[in-house]
Amino acid sequence: MKPIQVGLLGAGTVGSGTFKVLLRNQEEIKRRAGRGIEITMVADLDQARAREVAGEGVRVVADARDVIANPDIDIVIELIGGYGVAKQLVLEAIAAGKHVVTANKALLAVHGTEIFAAAHAKGVMVAFEAAVAGGIPIIKALREGLTANSIQWLAGIINGTTNFILSEMRDKGLDFGTVLKEAQRLGYAEADPTFDIEGVDAGHKVTLMSAIAFGIPVQFDKAHIEGITKLAAQDIKYAEQLGYRIKLLGITKRTAQGVELRVHPSLVPSKRLLANVEGAMNAVVVHGDAVGTTLYYGKGAGSEPTASAVIADLVDITRLHTADAAHRVPHLAFHPDAMSDLKVLPMAEVVTSYYLRLRVADQAGVLAKVTGLLATAGISIDAVLQREADEVGGEGSTQTDLIILTHDAREGTVNDVLAELQALPTVLQPIVRIRKEELS
Ligand code: HSE
């Protein structure tokens with residue numbers, strides 16, 4: 001059978017990895033897919049770069065629409081990124097009857113409903129393994145491997161840049177700003193790292209996983225998102241003393257009231273495997289009712305790791321593209337007419353536990369007042385750590401840090417009590433609140 005023909009939009013790092021791996025492993029990939037897979041056309045505004053990446057025998061063009069218009073192309077790989085022109089090109093490729101493979105988490109988390117509906121109507125596949133956690137086959141695991149389960153929750157370290165920064169902050173006791181600069185110098189963080197450090201990239205990825213886990217539409221606009229920019233080195237140190245590490249987690253959880261969908265720094269018990277995922281690595285823990293807890297770990301970015309996911313999608317499409325569209329694996333794991341209307345909960349309705357740090361006046365009655373207000377709000381304390389004033393503020397200091405770990409509480413209740421605590425004259429600085437996940 002003649003090879004399936006693929007057109008590539010965007011000849012950057014991942015595109016280059018895709019060429020290399022397809023070429024290196026072409027025989028094995030063909031034996032798995034049942035026929036050859038060839039990238040025969042590449043579009044990139046930088047044609048010289050595209051020519052270098054593609055090698056001989058591949059048609060290089062500047063205009064992506066030339067690829068989409070080519071009737072010989074069966075699959076279009078979109079590696080442009082962003083929501084702008086990429087969205088238009090993906091919709092045009094679908095309209096032209098092409099299957100699409102994309103690594104574009106931002107596009108699918110924000111416009112997925114429209115894109116999947118267009119693909120469904122046209123009977124083509126939109127595959128996006130590379131969009132979440134790079135080389136880790138987490139989409140395949142959630143959508144197919146765990147299909148017997150009622151998935152209860154998942155939590156992941158799904159942004160390598162922030163995990164690298166947090167690992168460095170912990171290892172070296174440095175603050176966020178210093179480590180970010182170093183990460184940029186070493187190429188671990190982009191020149192404009194906003195999407196990574198503000199938790200947006202992780203928000204896109206957890207939105208996609210949540211949709212697949214629970215059969216709900218993609219709803220990035222309902223996700224609660226906080227990044228790591230406000231984390232202080234001293235909180236990482238105190239967390240460590242209490243047996244925890246701080247990680248930026250993407251979390252989604254099914255509850256009786258609805259679905260939690262959130263990204264924020266979290267204390268994780270140091271003994272959990274997830275707490276020991278260091279540097280730029282990614283990992284996702286998924287809990288299903290039948291299987292229990294499972295863990296997926298690997299490289300979340302990079303040329304060949306991401307190409308590994310792109311090519312897995314090419315093979316899937318090659319195997320399935322002659323199948324009746326109604327019998328293919330649904331884009332979001334559940335059939336479009338069987339999606340759930342479980343609502344995404346506002347953050348105030350989320351129930352979790354908390355790390356609180358209060359800079360207080362070191363005088364009689366302060367601890368009693370603080371714990372009294374928590375007790376009145378029905379918030380139960382799990383542990384308290386109080387540092388010596390001298391250690392916190394230097395010799396003769398009259399201030400100290402009070403660190404409190406709570407049991408589970410409703411976020412809205414915690415917000416109310418934090419406002420009361422903040423108003424106390426003995427609370428001297430803005431209270432630090434970091435959520436805590438036991439992941440048990
Ligand atoms: N910038 C991402 C990260 C990789 O740091 O993990 C692509 O989503």
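1. Domain bounds here come from an automatic or database domain assignment. On that basis the chain divides into domain 1 (4–137 + 303–338), domain 2 (138–299) and domain 3 (349–436), and the C-alpha centres of domain 1 and domain 3 lie 51 Å apart.

2. This is a predicted model, in which local features need pLDDT of at least 70 and side-chain atom pairs count only at pLDDT 80 or more, while totals for chains, interfaces and linings use all residues. Residues are numbered from 1 along each chain as its sequence is written, and side-chain values use heavy atoms, with hydrogens and water left out.

3. Arg143 belongs to helix 7 (residues 138–145), helices being DSSP runs of H or I with at least four residues, numbered from the N terminus. Arg143 is buried without a salt bridge, and the nearest side chain of opposite charge, that of Glu144, is 4.2 Å away; buried means under 20% relative accessible area with a 1.4 Å probe, protein chains only, and a salt bridge requires a side-chain nitrogen of Lys or Arg within 4 Å of a carboxyl oxygen of Asp or Glu.

4. The side chain of Arg143 does reach the backbone oxygen of His331, at 2.8 Å. Beyond its neighbours within four places in sequence, Arg143 is in contact (heavy atoms within 4.5 Å) with residues including Phe128, Ile212 and Val329.

5. UniProt, in an unreviewed entry, places the feature "active site" at Lys205; such annotations may be inferred rather than shown by experiment. Lys205 sits in helix 11 (residues 200–214) and counts as buried because its relative accessibility is 5%. Its side chain reaches the backbone oxygen of Ile158 at 2.8 Å.

Notes: Helix = DSSP H or I, 4+ residues; strand = E, 2+ residues; numbered from the N terminus. Buried < 20%, exposed > 50% of the residue type's maximum accessible area, 1.4 Å probe, protein only. Lys, Arg positive; Asp, Glu negative; His and termini not counted. Polar contact = N/O pair within 3.5 Å; in protein donor to acceptor, adjacent residues only side chain to side chain.
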